[in-house]
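Please look at the sequence and the model before reading on.

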Amino acid sequence: PNNPTGTFIPAAEIEAFLKLVPPQVVVVLDEAYNEFLAPELQYESTVWVRQYPNLLVSRTMSKAYGLAGLRVGFGIAQPAITDLLNRIRQPFNVNSMAQAAAVAALNDMAFLQRSAQVNAAGYRQLTQAFDALQLEYVPSFGNFVLVKVGHEDSAGARVNLALLQQGVIVRPVGNYGLPQWLRISIGLPEENEAFIDALQNALR
């Protein structure tokens, strides 16, 4: 899924794009939000790595795996690319504790499934509130929702400030050319409810 819209490009379209890219051009496929996709929408990008020497697939442990504080992730590519990356990376850039936690997380499928379930429930909670408030939003495949909070160009900044004054932090996206919109991360039920209450106050 794309950040900040949460939209999703199907596998067939990505592979069609890969076929058109010249082999000397490196393609980075960032799959930070892949684990939030429904199983039928997920695809095995490692197959593409074997087929396209110019492809690098990156994953993070900061989202669905819940290891944001450890700043750990991984990349998959053919040796020609990984060798170049290894030459320029900083020494000791991922500590042993983070590596151990990442390996454990990769083997904890129960937590990953629970994370996806909580996210799906939170998505329904937020979008139902947006529908009730008659707010336009972009259907999302990630762990956030892009919502339009007004019609004037200052709407995003205005509502963001009103939320901050209530202790609620969201992400303005005016720098993406979307000054009327805010990106809302999906949280636990009580966190989502606190945001909804604050949003209602901010829109008054």
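How many of the residues of strand 2 (residues 55-60) are buried? Six of its six residues are buried, so strand 2 is mostly covered, where buried means under 20% relative accessible area, exposed means over 50% and partly exposed lies in between (1.4 Å probe, protein chains only). This is a predicted model, in which local features need pLDDT of at least 70 and side-chain atom pairs count only at pLDDT 80 or more, while totals for chains, interfaces and linings use all residues. Residues are numbered from 1 along each chain as its sequence is written, and side-chain values use heavy atoms, with hydrogens and water left out.

**Strands and sheets**

- Helices (H or I, at least four residues) and strands (E, at least two) are DSSP runs, numbered from the N terminus.
- Strand 1 (residues 27-30) runs parallel to strand 2 and is joined to it by four bridges; two strands pair if DSSP finds at least two bridges between them.
- Leu-29 stands opposite Val-57 of strand 2.
- An open sheet is formed by four strands in the order 4-5-7-6, with antiparallel pairing.
- Strand 4 and strand 6 (171-172) are at the edges with a single partner strand each, so one side of each has no neighbour in the sheet.
- Strand 5 and strand 7 (residues 181-185) run antiparallel and are joined by five bridges; Val-147 has Leu-182 in strand 7 as its bridge partner.

**Aromatic rings**

- There are six aromatic pairs, counted when rings of Phe, Tyr and Trp (its six-membered ring) have centres within 6.5 Å; planes under 30 degrees apart are stacked, over 60 edge-to-face and the rest tilted.
- The pair of Phe-8 and Phe-141 is tilted, because the ring centres are 5.5 Å apart and the planes are at 45°.
- Phe-8 lies in the segment before helix 1 (11-20) and Phe-141 in the loop between strand 4 (137-138) and strand 5 (144-148), so this pair links parts of the chain 133 residues apart.
- Phe-8 counts as buried because its relative accessibility is 17%, whereas Phe-141, at 34%, counts as partly exposed.
- One aromatic cluster is formed by Phe-8, Tyr-43, Trp-48 and Phe-141.

**Surface**

- Leu-164 is in helix 6 (residues 155-164), and its relative accessibility of 42% makes it partly exposed.
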